[in-house]
Amino acid sequence: MDAVTERRSIRKYKEMPLDKEKIDKIIRAALLAPSAKNRQPWKFIIYQGEAKKRLVAAMENGLDREKKGITDLPGFAYGLPDAYNTLKIMKEVPVLVAVLNTNGGTFYKEIGVEQRIVESCDSLSIGAAVENMLLRATELSVGSLWIANTCFAYNELVQEIGTGDQLTGVVALGYADEAPVPRPRKAWDDVVEYRS
């Protein structure tokens with residue numbers, strides 16, 4: 001429970017590299033997550049150095065395209081300022097981990113009900129893997145941030161990654177340069193209900 005209660009979403013990072021041993025331990029934790037039908041539908045690509053700069057440039061290109069009104073997400077324009085803040089974080093952090101759903105494809109293709117169920121279950125499985133990463137990072141005194149704003153630059157990012165797999169998001173990893181207080185949580189009675 002210590003890691004669960006101490007985990008924070010970190011948005012400011014120190015200019016310090018993260019050693020491979022810690023990265024490997026964080027990824028190993030992800031691989032131990034439960035998955036629907038044991039499909040283990042995940043792949044993790046670790047970006048550092050010049051490769052990270054290219055990934056961030058792809059993110060920036062996508063955001064700039066959206067800002068110009070050439071949009072894949074017409075109803076999401078309100079989220080662009082936050083996405084640009086995410087871009088700033090991605091530039092600062094030493095490590096980015098692209099999280100792929102190896103059973104999923106682009107979000108822009110219609111799929112049938114059965115495939116939607118599989119995709120939903122695989123998304124839950126990947127969520128469990130990401131949570132394992134965040135908790136293990138906390139145990140190792142590594143800051144982390146689960147990034148979903150990649151949706152604004154989805155096509156640019158998958159092209160840079162060179163994949164037909166579904167990009168579900170990115171995890172930022174590095175040493176925290178802030179100590180955020182816990183975020184407010186909904187009241188117990190609003191989210192928990194017992195039935196007998």
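**Figure 1. Order of the secondary structure elements along the predicted protein chain.** In this predicted model, the elements of the protein chain run, from the N terminus on, α-α-β-α-α-β-α-β-α-β-α, which comes to seven helices and four strands. The radius of gyration of the protein chain is 17 Å, close to the 16 Å that the globule rule gives for 196 residues, so the chain is as compact as a globular protein of that length. Taken along the principal axes, the box filled by the C-alpha atoms is roughly 50 × 45 × 30 Å.

**Figure 2. Burial, contacts and surface of the protein chain.** Of the 196 residues in the protein chain, 40% are buried. When contacts between residues at least 6 apart in sequence are considered, 85% of them join residues at least 24 apart. The protein chain exposes about 11600 Å², and 53% of this area is supplied by carbon and sulfur atoms.

**Figure 3. Helix H6 and the elements that cover its buried residues.** Helix H6 spans residues 154-161, and its buried residues are Tyr-154, Glu-156, Leu-157, Val-158 and Ile-161. Helix H6 is followed by Gly-162, whose phi is positive, near 80 degrees.

**Figure 4. The largest pocket and its lining.** The largest pocket has a volume of about 350 Å³, and 15 residues line it, with Arg-7, Arg-8, Ser-9, Arg-183 and Arg-185 lying nearest its centre. Helix H1 (2-6) and helix H5 (113-139) are the elements that give two or more residues to this lining. By class, the lining of the largest pocket holds seven charged residues, six nonpolar residues and two polar residues.

**Figure 5. The second largest pocket and its lining.** The volume of the second largest pocket is about 240 Å³, and its lining is formed by 16 residues, of which Phe-107, Ser-123, Trp-146, Thr-168 and Gly-169 lie nearest the centre. At least two residues of this lining are supplied by H5, and at least two by strand S4 (166-174). The lining of the second largest pocket divides into nine nonpolar residues, six polar residues and one charged residue.

Notes:
Residues are numbered from 1 along each chain as its sequence is written. This is a predicted model: local features need pLDDT of at least 70, side-chain atom pairs count only at pLDDT 80 or more; totals for chains, interfaces and linings use all residues. Side-chain values use heavy atoms; hydrogens and water are left out. On a 1 Å grid over the protein atoms alone, a cavity is a set of points where a 1.4 Å probe fits but cannot get out, and a pocket is an open set with protein on both sides within 12 Å along at least five of seven lines; lining residues have an atom within 4 Å of a point. Grid points are joined across faces, edges and corners, and a volume is the space filled by probe spheres set on the points. Ala, Val, Leu, Ile, Met, Phe, Trp, Tyr, Cys and Pro count as nonpolar, Asp, Glu, Lys and Arg as charged, and the others, Gly among them, as polar. The radius of gyration is taken over C-alpha atoms; the globule rule is 2.2 Å times the number of residues to the power 0.38. Buried means under 20% relative accessible area, exposed over 50%, partly exposed in between (1.4 Å probe, protein chains only). Contact means heavy atoms within 4.5 Å. Accessible areas come from the Shrake-Rupley method with a 1.4 Å probe; for residues, only the protein chains shown count as cover.
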